[in-house]
Amino acid sequence: MNPQGTSNHQDDYKLKDTHPKLGERWPHGGVRGGGGWISSERATSTYDLVEQMYYLYVRVVKAKDLPTNQVTGSCDPYVEVKVGNYKGKTQHFEKRTNPEWNQVFSFSKEKIQSSILEVFIRDREIVGRDDHVGQVVLDLNEVPTRVPPDSPLAPQWYRLENRRGENKVKGEIMLAVWMGTQADEAFPEAWHSDAASVQGEGVYSVRSKVYVSPKLWYLRVNVIEAQDVESQDKSQLPQVFVKAQVGNQILKTKLCPTRTTNPFWNEDLIFVAAEPFEEKLVLTVENKVSPSKDEVVGTVSLVLTEFERRLDHRPIHTRWFNLQKFGFGVLEGDRRNELKFSTRVHLRVCLEGAYHVLDESTMYVSDTRPTARQLWKHPIGILEVGILSAQGILPMKTKDGRGTTDAYCVAKYGQKWIRTRTILENFNPKWNEQYTWEVYDPCTVITLGVFDNCHLGNEKPAAAGGAVKDSRIGKVRIRLSTLETDRIYTHSYPLLVLQPSGLKKMGELQLAFRFTCLSLASIIYLYGQPLLPKMHYLHPFTVNQLDSLRYQAMNIVAVRLGRAEPPLRKEVVEYMLDVDSHMWSMRRSKANFFRIVSLFSGMISMSKWLGEVCHWKNPITSVLVHVLYFILICYPELILPTIFLYMFLIGIWNFRFRPRHPPHMDTKLSWAEAVHPDELDEEFDTFPTSKPQDIARMRYDRLRSVAGRIQTVVGDMATQGERFQALLSWRDPRATSLFIVFCLCAAVTLYVTPFKIVALVAGLYLLRHPRFRSKMPSVPSNFFRRLPARADSML
């Protein structure tokens with residue numbers, strides 16, 4: 001069931017504290033700022049959440065006056081930079097004696113096994129060995145160290161020497177050589193000795209990159225009516241519907257209930273569109289001739305840029321569009337008739353800028369801002385993440401008969417995706433890269449995933465099963481509201497993946513991160529605001545619409561990021577966005593059921609305690625309960641203050657036991673350790689199922705679809721209960737602080753206010769007239785929805 005066992009590996013699935021040496025030091029052991037390693041103090045460096053790594057940088061700028069070949073009379077030069085066993089080459093230029101390369105090479109200091117740097121200029125030959133033009137040899141002990149924010153080192157001209165280094169030869173080369181860290185500006189674009197074996201297009205896929213998600217809009221197409229619809233069969237009136245298409249998305253209106261030449265629908269069709277708008281809105285009016293046959297009446301193709309962008313719910317002007325006719329009307333002979341008579345369709349189309357386009361699961365949302373930039377608020381904090389390293393990664397593929405892994409890490413928060421460089425053939429890769437995000441809402445989640453790069457240009461062609469895919473190694477989620485502000489967290493997270501064979505630990509990911517608060521008042525204010533923009537509550541979408549739109553948005557994001565260079569591949573984007581989170585799984589359903597059971601355990605223990613009091617198991621407790629009961633009966637106005645005071649004291653008591661670490665993937669909560677093999681077979685089955693019988697397939701898929709919705713509802717119920725628990729558990733320290741302060745104020749207020757007045761005011765408020773009610777959720781509702789649940793720890 002579990003290939004690694006359970007008892008021996010329980011600790012492997014837990015979060016581990018680490019103590020990396022973060023921050024920057026002056027070269028040669030000097031201490032920067034006089035305080036040793038940067039720890040809790042705010043540092044001026046932008047690389048204070050990673051371990052410092054040294055690199056030898058060689059910038060090859062250009063050469064001049066290179067000698068020509070005596071046979072060919074020309075020179076096709078390129079440069080080879082060699083340090084010990086590592087060598088890198090520039091591109092070659094044909095017939096050029098004054099070439100310019102401007103390329104940077106970097107060699108990891110801890111892997112350098114030589115004391116000299118050799119730079120060769122060679123003349124490329126089609127037949128035979130490349131000619132040696134000249135060389136420059138530099139002593140690495142004399143290389144200067146550059147510490148940002150110093151300006152870049154100025155390159156110098158070096159005279160070329162012959163092969164033995166005895167005499168100078170014709171020609172010079174311009175070089176800059178320095179020792180620096182990963183904070184150097186040259187680091188991202190440099191040729192790295194770590195990836196020396198990568199050739200061709202694969203070189204681009206090993207570099208670190210920052211990606212931006214495409215800007216997504218909801219396109220609302222309100223199909224009102226059509227006029228002068230003609231059927232090819234003149235003897236009967238048409239019964240029509242409208243089909244709208246944007247890219248791969250196709251939606252249809254209902255069939256007009258009556259047969260008429262002027263049908264009326266007034267239906268909204270919602271699409272997802274991404275800037276820049278490459279797809280068009282194609283509308284087709286079709287006549288239902290028979291249950292199995294539709295006849296096209298006319299079509300119109302519209303560019304999305306011509307539609308209005310709406311920032312609120314104000315009405316949009318309607319427009320009539322003429323349809324291009326099908327059939328004989330497009331032939332030259334009948335062109336005059338087409339101009340005289342045309343079917344028209346009446347539309348109200350706009351791009352919605354006041355909604356947030358959901359492209360990820362709502363449980364793990366990382367951004368809640370509306371599409372239109374004009375509606376954005378100021379950021380309330382900064383999230384800094386240092387992706388340090390991974391340990392004990394399992395071999396993901398076979399190369400030359402041995403297991404190997406080429407790991408890289410992807411992080412996604414808001415519209416910004418980052419990808420670290422790929423560390424080749426290493427089960428303990430060290431990235432030490434730091435990234436920063438602006439935070440607009442603390443109740444959001446950052447997702448980090450580790451993958452094996454299978455697109456380095458030297459893989460064997462994929463088998464008949466399809467294209468090579470980057471394998472998933474594991475994923476980590478961190479909810480920002482569970483973090484204390486201005487504290488540096490350094491932990492090692494287990495990378496867990498559920499496979500058809502069972503749960504497997506793939507390694508550990510070491511991270512350092514810090515959430516910095518820019519305005520505490522803004523954060524406290526946000527806890528009373530709706531999670532999503534107000535248009536989601538004033539004009540909400542249906543559940544089915546939201547599911548469909550989220551799926552379309554995920555597809556668009558995956559396609560657009562797959563067109564970047566290097567591409568962020570579809571399987572990577574889908575894993576980061578939890579594209580299959582809504583699919584039926586017996587394991588997930590069990591996990592959600594037991595989440596609910598654990599919530600009721602408190603009520604069960606309370607009822608047991610009451611039973612013990614009634615049965616006088618502990619006489620002193622029973623006497624005290626009787627005394628308290630008599631007091632509350634004699635003074636009923638003390639009931640509510642006592643309840644709030646009790647909750648206040650519980651909150652203060654629980655402060656001692658508050659969680660010290662952010663949550664991580666919990667295998668026991670996810671029901672991943674004791675999962676049955678047959679349930680795993682069902683979870684990893686294709687959708688639709690691959691079972692042979694057609695009837696069984698139809699029934700099975702229908703069951704899975706329905707059960708998937710039940711699973712979501714059960715999960716939502718569990719989430720609400722866990723949010724109640726979070727009120728006093730200090731999982732979100734700011735929310736618990738606000739709640740216990742409110743409890744104290746409520747207790748004092750209710751103590752001095754007569755109970756009758758409280759009951760009267762509460763009753764009048766609940767029975768108030770609808771005109772005094774807002775469509776927006778109330779402040780308590782908004783506060784409650786922002787509380788964290790254990791869904792963050794679900795695999």
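Aspartate 666 is partly exposed, at 25% relative accessibility; the term covers values between buried (under 20% relative accessible area) and exposed (over 50%), computed with a 1.4 Å probe on protein chains only. The structure is a predicted model, in which local features need pLDDT of at least 70 and side-chain atom pairs count only at pLDDT 80 or more, while totals for chains, interfaces and linings use all residues. Residues are numbered from 1 along each chain as its sequence is written, and side-chain values use heavy atoms, with hydrogens and water left out.

Aspartate 666 takes part in a salt bridge with arginine 790, with the closest N and O atoms 4.0 Å apart. A salt bridge is defined as a side-chain nitrogen of Lys or Arg within 4 Å of a carboxyl oxygen of Asp or Glu. Because arginine 790 lies in the segment after α13 (779–785) and aspartate 666 in the loop between α8 (639–654) and α9 (677–683), the pair ties together parts that are 124 residues apart in sequence. Helices (H or I, at least four residues) and strands (E, at least two) are DSSP runs, numbered from the N terminus. Arginine 790 is likewise partly exposed, with a relative accessible area of 36%.

A further salt bridge joins the side chains of arginine 319 and glutamate 306 (3.3 Å, N to O). Arginine 319 belongs to strand β19 (residues 319–322), whereas glutamate 306 is found in the loop between β17 (293–303) and β18 (308–310), 13 residues apart. Arginine 319 has a relative accessibility of 38%, and glutamate 306 is also at 38%.

By the stated rule, 36 salt bridges are counted.
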